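This briefing goes through a protein model topic by topic.

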Amino acid sequence: TEICLSACLSGLILNRLNATREVDPVALPNCRLIKGIEAGSEDIDILPNGLAFISSGLKYPGLKSFAPDKPGEIFLMDLNEKKPKASELRISRGFDLGSFNPHGISTYIDKDDTVYLFVVNHPHQKSTVELFKFMEEDNSLVHLKTIRHDLLTSVNDVVAVGPDSFYATNDHYFSDFILMFLEMYLGLTWSNVVYYSPKEVKEVASGFYSANGINISPDKKYIYIADIFDHNVHVMEKHADWNLTHVKTLQLDTLADNLSVDPDTGDIWTGCHPNGMKLFYNDPDNPPASEVLRIQNILAEKPTVTRVYAENGSVLQGTSVATVYNRKLLIGTVFHRALYCEL
């Protein structure tokens, strides 16, 4: 019985990680690696004016880092330029840059056009959400506050819904690495989504294997959540009290990471891991592959899912995000490079 149980659990975890899948390549002709980004581009958020924020330098338990001793960074790219370049954003004094370990990010534009940047941070392997104000005149970030809460235990991503409020995904119930692995190994569905505001903090969705990327529809009516280990995207209806109710689930054959929403079409773009086992094993001769999906009409009975880009890891390893602006596509990774493509 013990052997059977162990084999069944091993089989479950292999299924969760999609461990046998190899990727069929889908090429894009006009792509180039972005100079200066060498240690990840885990999440990307683009403002309506074409300024793209890129989170880089994530150190995550169990995953590789190409710059383990270097603090994380936020890069900026202006996608209106003919040949966009990435430049590091300066962060105001008083913020602890030495332990900066940025993960998911989200922007919010206030009524007075102030741009706020929310950054999931893991200083010393804890979870905080850092709130910055973007100063476009000198390309800098002013740190406003650090948000900590007992319900924000293992934060992966956020989507801002106000100047100091957001939804956040906790990708695990536990924050200790051994317990996180055990949680995944046992297939526990203890991951959740939390709503945060200065006045109220509450769990609004639960029962995920590992809630990862989160975003909002252009009409602000729906919240989209990627459950990376269940290979799907959940559509939730957002209510006036900020609670969420389940509308539908779109099943995929890949591990969807971050979700980006095209503000013009409502299409969802996601960076995916075709085979999650390769992310953890990190064999230089068999690196984690990359895959980008575009999901059209997610509320329809049969949404259209298109594989826009796929590659075996020789160019880009471990894709975590894909986002578009004006027929330009940015593809980011957990710990590797970033790709700029013209569609």
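Both Glu291 and Arg21 are buried. Their side chains meet in a salt bridge, with an N to O distance of 2.8 Å. The model is predicted, and a search of the whole structure finds nine salt bridges. The points below begin with some of these pairs and then turn to strands, loops and surface patches.

**Salt bridges**

- Arg294 and Asp267 form a salt bridge through their side chains, at 2.8 Å from N to O. Arg294 is in strand 21, while Asp267 is in the loop between strand 19 (255-261) and strand 20 (268-273), 27 residues apart.
- Asp267 is buried, because its relative accessible area is 5% and buried means under 20%. Arg294, with 27%, is partly exposed.
- Arg16 and Asp230 meet in a salt bridge as well, at 3.4 Å from N to O. Arg16 lies in helix 1 and Asp230 in the loop between strand 16 and strand 17 (232-238), so the pair ties together parts that are 214 residues apart in sequence.
- Arg16 has a relative accessible area of 15% and is buried, whereas Asp230 has 23% and is partly exposed.

- Five strands make up an open sheet with mixed pairing, in the order 6-10-9-8-7. Strand 6 (90-91) and strand 7 (102-109) stand at the edges; each has a single partner strand, so one side of each has no neighbour in the sheet.
- Strand 7 and strand 8 (residues 115-121) run antiparallel and are joined by six bridges. Ile105 has Val119 in strand 8 as its bridge partner.

**Hairpins and other strand pairs**

- Strand 2 and strand 3 form a hairpin with four residues between them, and Gly50 in the turn has a positive phi of about 95°.
- Asp43 has Ser55 in strand 3 as its bridge partner.
- Asp43 and Asp45 point one way from strand 2 (residues 43-46), Ile44 and Ile46 point the other way, and all are buried.
- Another hairpin joins strand 24 to strand 25 through five residues. Strand 24 (residues 328-333) and strand 25 run antiparallel and are joined by four bridges, and Leu330 stands opposite Tyr340 in strand 25.
- Strand 25 (residues 339-342) is also joined to strand 1 by three bridges, again antiparallel. Leu33 stands opposite Leu339 in strand 25.

- Gln125 is a residue other than glycine with a positive phi, near 60°. Gln125 sits in the loop between strand 8 and strand 9 (128-135) and is partly exposed at 43% relative accessible area.
- Asn326, also not a glycine, has a positive phi near 50°. Asn326 sits in the loop between strand 23 (319-325) and strand 24 and counts as exposed at 57% relative accessibility.

- Ala19 is in the loop between helix 1 (2-16) and strand 1 (31-33), and its relative accessible area of 22% makes it partly exposed. Ala19 and Pro274 are 255 residues apart along the chain, while their C-alpha atoms are separated by 8.6 Å.
- Ala226 is in strand 16 (residues 222-227) and is buried at 0% relative accessibility. Ala226 and Glu137 are 89 residues apart along the chain, and their C-alpha atoms are separated by 35 Å.

**Surface patches**

- Arg32, Lys35, Lys82, Lys83 and Lys85 form a positive surface patch. Lys82 lies in the loop between strand 4 (73-78) and strand 5 (86-88) and is exposed, with a relative accessible area of 78%.
- Leu179, Leu182 and Leu186 make a nonpolar surface patch of about 230 Å². Leu186 lies in the loop between helix 2 (177-185) and strand 13 (191-196) and counts as partly exposed at 40% relative accessibility.

Note on methods:
Residues are numbered from 1 along each chain as its sequence is written. This is a predicted model: local features need pLDDT of at least 70, side-chain atom pairs count only at pLDDT 80 or more; totals for chains, interfaces and linings use all residues. Side-chain values use heavy atoms; hydrogens and water are left out. Patches are made of residues with over 30% relative accessible area and no salt bridge: like charges are joined within 9 Å, nonpolar side chains (Val, Leu, Ile, Met, Phe, Trp, Tyr) within 5 Å. Accessible areas come from the Shrake-Rupley method with a 1.4 Å probe; for residues, only the protein chains shown count as cover. A salt bridge is a side-chain nitrogen of Lys or Arg within 4 Å of a carboxyl oxygen of Asp or Glu. Lys and Arg count as positive and Asp and Glu as negative; His and the chain ends are not counted. The place of a charge is taken as NZ of Lys, CZ of Arg, CG of Asp or CD of Glu. Helices (H or I, at least four residues) and strands (E, at least two) are DSSP runs, numbered from the N terminus. Buried means under 20% relative accessible area, exposed over 50%, partly exposed in between (1.4 Å probe, protein chains only). Two strands pair if DSSP finds at least two bridges between them.
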